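Subject: Structure handover

Hello,

Here is the structure we discussed.

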Amino acid sequence: MSPAPNADLDFVDKEIQVLEQVWGLKEEWDQKWERELKKIKFRDIDTDKLEDIIDEYRGRINDFPKEIRKWEILKFLQDVLDQFLKTLPLINKLKHPSMRARHWGMLKSGLGASDLDHESESFNLGEVYNLKLKDSIFVVKFWGEVEEKY
């Protein structure tokens, strides 16, 4: 004779499954960033592809019910993705052919990143992201001045 179904146990089982899905998504993003994305060489960065990857993760977050999307871990992951997305237009500007050595020099100086070597084989997306370009008032001012001249 099998035990009678227990509604509380069913609820807990479903909650555990959702927790595994949510934390699995977060772990998947972390691994994708660590093992793949941050290692992309600067010259090979394709912001359109990166945007597609971000959109895919954002879609997966939005697939969760509204109540689950309010969980702190999903809000945190959404914020990470949003911040990354905001960096992509700045990366496009860095990769633009009009970006000259003097511009890189001004940028390195303003960011306090004098050891930055944008032509190095080791210069990659992780390093660009660590510059926190989107948070720098200097960068906003820098791009405004550069764009005024062109």
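This is a predicted model. I start with surface charge and then turn to the aromatic rings.

**Charge on the surface**

A patch of negative charge sits on the surface. Its members are Asp46, Asp48, Glu51, Asp52 and Asp55. Take Asp48 as the example. Asp48 belongs to helix α2, which covers residues 47-62. Is Asp48 buried or exposed? Asp48 has a relative accessible area of 53%. The cut-off for exposed is over 50%, so Asp48 counts as exposed.

Leu88 is 40 residues apart from Asp48 along the chain. Their C-alpha atoms are separated by 8.7 Å.

**Aromatic pairs**

How many aromatic pairs does a search of the whole structure find? The count is 8.

Phe42 and Trp104 make an edge-to-face pair. Centre to centre, the rings are 5.8 Å apart, with 85° between the planes. An angle over 60 degrees counts as edge-to-face, so 85° puts this pair in that class. Distant parts of the chain are linked here. Phe42 lies in the loop between α1 (7-35) and α2. Trp104 lies in helix α5, residues 101-111.

Phe42 has 9% relative accessibility, and Trp104 has a relative accessible area of 3%. Buried means under 20%, so Phe42 and Trp104 each qualify.

Phe42 also pairs with Phe123. The ring centres are 5.1 Å apart and the planes stand at 50°, so this pair is tilted. It too links distant parts of the chain. Phe42 is in the loop between α1 and α2, while Phe123 is in the loop between α5 and α6 (125-130). They are 81 residues apart. Phe123 is buried as well, at 1% relative accessibility.

**A ring cluster**

Which residues do ring pairs link into a cluster? They are Trp29, Trp33, Tyr57, Phe84 and Tyr129.

**For your viewer**

- Negative patch: Asp46, Asp48, Glu51, Asp52, Asp55
- Edge-to-face pair: Phe42 and Trp104
- Tilted pair: Phe42 and Phe123
- Ring cluster: Trp29, Trp33, Tyr57, Phe84, Tyr129

Best wishes

Key
Residues numbered from 1 in each chain as written. Predicted model: local features only at pLDDT ≥ 70, side-chain atom pairs only at ≥ 80, totals over all residues. Heavy atoms only, no water. Patch = residues over 30% accessible without salt bridge, like charges linked within 9 Å, V, L, I, M, F, W, Y side chains within 5 Å. Areas by Shrake-Rupley, 256 points an atom, 1.4 Å probe, with all protein chains shown as cover. Salt bridge = Lys/Arg side-chain N within 4 Å of Asp/Glu carboxyl O. Lys, Arg positive; Asp, Glu negative; His and termini not counted. Charge placed at Lys NZ, Arg CZ, Asp CG, Glu CD. Helix = DSSP H or I, 4+ residues; strand = E, 2+ residues; numbered from the N terminus. Buried < 20%, exposed > 50% of the residue type's maximum accessible area, 1.4 Å probe, protein only. Phe/Tyr/Trp six-rings, centres within 6.5 Å; stacked < 30°, edge-to-face > 60°.
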